[in-house]
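Here is a friendly walk through one chain, from the whole fold down to single residues. Please keep the structure open beside you as you read.

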Amino acid sequence: MARFPTSPAPNLLLRLFSSNKRSSSPTAALLTGDFQLIRHFSAGTAARAAKDDKEPWWKESMDKLRNIGISAHIDSGKTTLTERVLFYTGRIHEIHEVRGRDGVGAKMDSMDLEREKGITIQSAATYCTWKDYKVNIIDTPGHVDFTIEVERALRVLDGAILVLCSVGGVQSQSITVDRQMRRYEVPRVAFINKLDRMGADPWKVLNQARAKLRHHSAAVQVPIGLEENFQGLIDLIHVKAYFFHGSSGENVVAGDIPADMEGLVAEKRRELIETVSEVDDVLAEKFLNDEPVSAAELEEAIRRATIAQKFVPVFMGSAFKNKGVQPLLDGVVSYLPSPNEVNNYALDQMNNEERVTLTGSPDGPLVALAFKLEEGRFGQLTYLRVYEGVIKKGDFIINVNTGKRIKVPRLVRMHSNDMEDIQEAHAGQIVAVFGIECASGDTFTDGTVKYTMTSMNVPEPVMSLAVQPVSKDSGGQFSKALNRFQKEDPTFRVGLDPESGQTIISGMGELHLDIYVERMRREYKVDATVGKPRVNFRETITQRAEFDYLHKKQSGGAGQYGRVTGYVEPLPPGSKEKFEFENMIVGQAIPSGFIPAIEKGFKEAANSGSLIGHPVENLRIVLTDGASHAVDSSELAFKMAAIYAFRLCYTAARPVILEPVMLVELKVPTEFQGTVAGDINKRKGIIVGNDQEGDDSVITANVPLNNMFGYSTSLRSMTQGKGEFTMEYKEHSAVSNEVQAQLVNAYSASKATE
């Protein structure tokens, strides 16, 4: 049935006629022809309608747009598949093979986190064209350490291809990637790759996807032969065989189905219709009435079910042998959603971060997200995904996160290796902008609304490393690299340790920091030495303690005089503030001009507790009395008085050390459950949950971060590489007396040696 994307009315009427009369009668054909004529003759009417309802000018271009990501386990052939997609769409003009692990071609491997996080094709969003459809392939990071980036990459995607290896099947990284897609509600198609390899078994992989990934899925293709006899594919929807000829498989030839496969094809097509009809009411009706299902009806049902995330169509092929990639691209445009079929929401900063659903139409106010930064030859290149409204060259836009008003100097679309200058871009598109200073994850609007696409609450870093360049000459490049990484990733922080003078980098975990040190070596040619990770301990007090301190200094001329009296007490558990200062002095015992200096003094003192020199938090300081001198009192005198008063009463308040506790979720095959649980107990962890998920045990535990260093290596050795874990910060909680004594002694010893 013809689709009329530009003009909704004929389409609706056609559907009414064709649903009443599902026959290929001459009348129906005539009606169809008439409507096409009406559509051509009523261009003037359509133009007038466009003024009232601007749908026609953007709806067609949005219907023909796809924003997708390709994700997979390491070595599933994602790199090779991406290379073929770019070749067949004309994005590159020759194919370069990935030669195993010697680093050639590895620039495309997004899962090899040791080399690089993310695909380093020319750009973060590669734009290619397939049969009038514009497809943006977006770089998807593949690891939980990059929480913020994974979140943003998935936010920018409308659909995804999950690549599975026909020999390896569903592997640990496939499970992780699929879990993330499910969390961010990304519709997906699956592609079973490497059908030319020894031991290839697509039906085994399909069953694994159903069991392990809980996919409601069915094959939309059947391979003709496997391993070295793999020749082509049979499309179950149109019931045709496809063969791939030419030096790079660029000529797709349709042929007849081999006679010996007709039984299998009929059985698999029925299985496909049955699986889809379980989640699609329209198809279910035809299936139950045993009516024949046409290719167009089946295609529409698969599209509806895929976009609703109730079904995953499974494609097959061998990217290395250039077979099955073009039908996969057809599947992407047929079954994955266009930007206006996906619900995106923003957080309204004027209304306490309340979720607002975006219309996704270019008629609304501009809302765009900067999801990737790249250092280009002409300065910083910022990739924007436009969610609503239109962005034009020369427009003024507002960065909601910083409040700055910026002019758009140059707007480009990344096309092949060239940058194509464009004048404007509308909702659903991905473009790049030059010369805008911003950080990854900033939201831009036209000023009429104050929306952000991601919450501004960035998780606190949980791990620090001391880092310094090996040679003194590379200091400039070293700081340049750190500045750029901070801009790219808000969870990566850089600070200076005031005591040791070392540069401290903080992040979300071991791997996170390792990657940045590695990137510094590769991208900026700076070799850096790394010190043992420093866990961000905190200190706090457990009881109330009084203070009364007089700071008096006479040294000829104006002296210093300041007296502060009051008490410190712990804040009630669960309070939002970490530090509170309250002035309860009645009268003018201390002139009000000196109160801010006293607060500043207490804050400064709380930056470094006397147990192990870490910040003190959950603290309330109340000032009840004091004394001042008409001549000698000054801001400095009261600040010093506050610092010394805090140090004196701190020990009386029974301070304790708090350590970061992580919420660790482990997924291990059931046979290793005992070993892994025993190891968690050894690390002073508390197991809070243990569930069964298929053949795997899911263990949830709270473990001190200090005992989690190097855990990924030991988990791999305990589970033969099958276990995986995610770790996120939960809270800071008090350490045991024995650990506290060890930490205090180690701190005292290090102070003594300085």
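## The chain as a whole

Among contacts in the chain (heavy atoms within 4.5 Å) between residues at least 6 apart in sequence, 72% join residues at least 24 apart. This is a predicted model, in which local features need pLDDT of at least 70 and side-chain atom pairs count only at pLDDT 80 or more, while totals for chains, interfaces and linings use all residues. Residues are numbered from 1 along each chain as its sequence is written, and side-chain values use heavy atoms, with hydrogens and water left out.

You will find 19 helices and 38 strands in the chain; these are DSSP runs (helices H or I, at least four residues; strands E, at least two), numbered from the N terminus. Of the 754 residues, 50% are buried, where buried means under 20% relative accessible area, exposed over 50%, and partly exposed in between (1.4 Å probe, protein chains only). The chain exposes about 35,000 Å², and carbon and sulfur atoms supply 50% of that area.

Helix α11 covers residues 295–307. Just after α11, glutamine 309 takes a positive phi of about 60°.

Which residues of α11 are buried? They are Glu297, Leu298, Ala301, Ile302, Arg303, Ala305, Thr306 and Ile307. Packed against them are elements including β1 (65–72), β5 (188–193) and β11 (312–316), along with the helices α9 (262–277), α10 (281–288) and α12 (325–335).

The 16 residues of α9 should span 22 Å, which agrees with the 22 Å between its end C-alpha atoms. Its buried residues are Val265, Lys268, Arg269, Leu272, Ile273, Thr275, Val276 and Ser277. Their cover includes α8 (202–212), β6 (217–219), β7 (221–224), β8 (232–235), α10 and α11.

Two packed helices are described by the angle between their axes and the distance between the axes. The axes of α9 and α10 come within 8 Å and cross at roughly 130°; axes are lines fitted to C-alpha atoms, for helices over the stretch in contact, with angles running from 0 to 180 degrees between N-to-C directions. That makes α9 oblique to α10 (angles under 35 degrees count as roughly parallel, over 145 as roughly antiparallel, 65 to 115 as roughly perpendicular, and the rest as oblique). Arg270, Ile273, Glu274, Val276 and Ser277 of α9 make the contact with Leu283, Ala284 and Phe287 of α10.

## A closer look at arginine 269

Arginine 269 lies in helix α9. Is this residue buried or exposed? At 15% relative accessibility, arginine 269 counts as buried.

Leaving aside neighbours within four places in sequence, arginine 269 is in contact with Leu236, Ile237, Val239, Val293, Ser294, Ala295 and Leu298. Arginine 269 and alanine 218 are 51 residues apart in sequence, with their C-alpha atoms 9.3 Å apart in space.

## Helices α15 and α16

Helix α15 (residues 595–606) packs with helix α16 (residues 635–650) at an angle of about 40°, their axes being 7 Å apart. That makes α15 oblique to α16. In this contact, residues of α15 including Ala597, Ile598 and Phe602 meet residues of α16 including Phe638, Ala642 and Phe646.

## Proline 362

Proline 362 sits in the loop between β13 (354–358) and β14 (367–376). At 6% relative accessibility, proline 362 counts as buried. Tyrosine 387 is 25 residues from proline 362 in sequence, and their C-alpha atoms are 8.3 Å apart in space.

Conventions:
Areas by Shrake-Rupley, 256 points an atom, 1.4 Å probe, with all protein chains shown as cover. Expected span 1.5 Å × (residues − 1).
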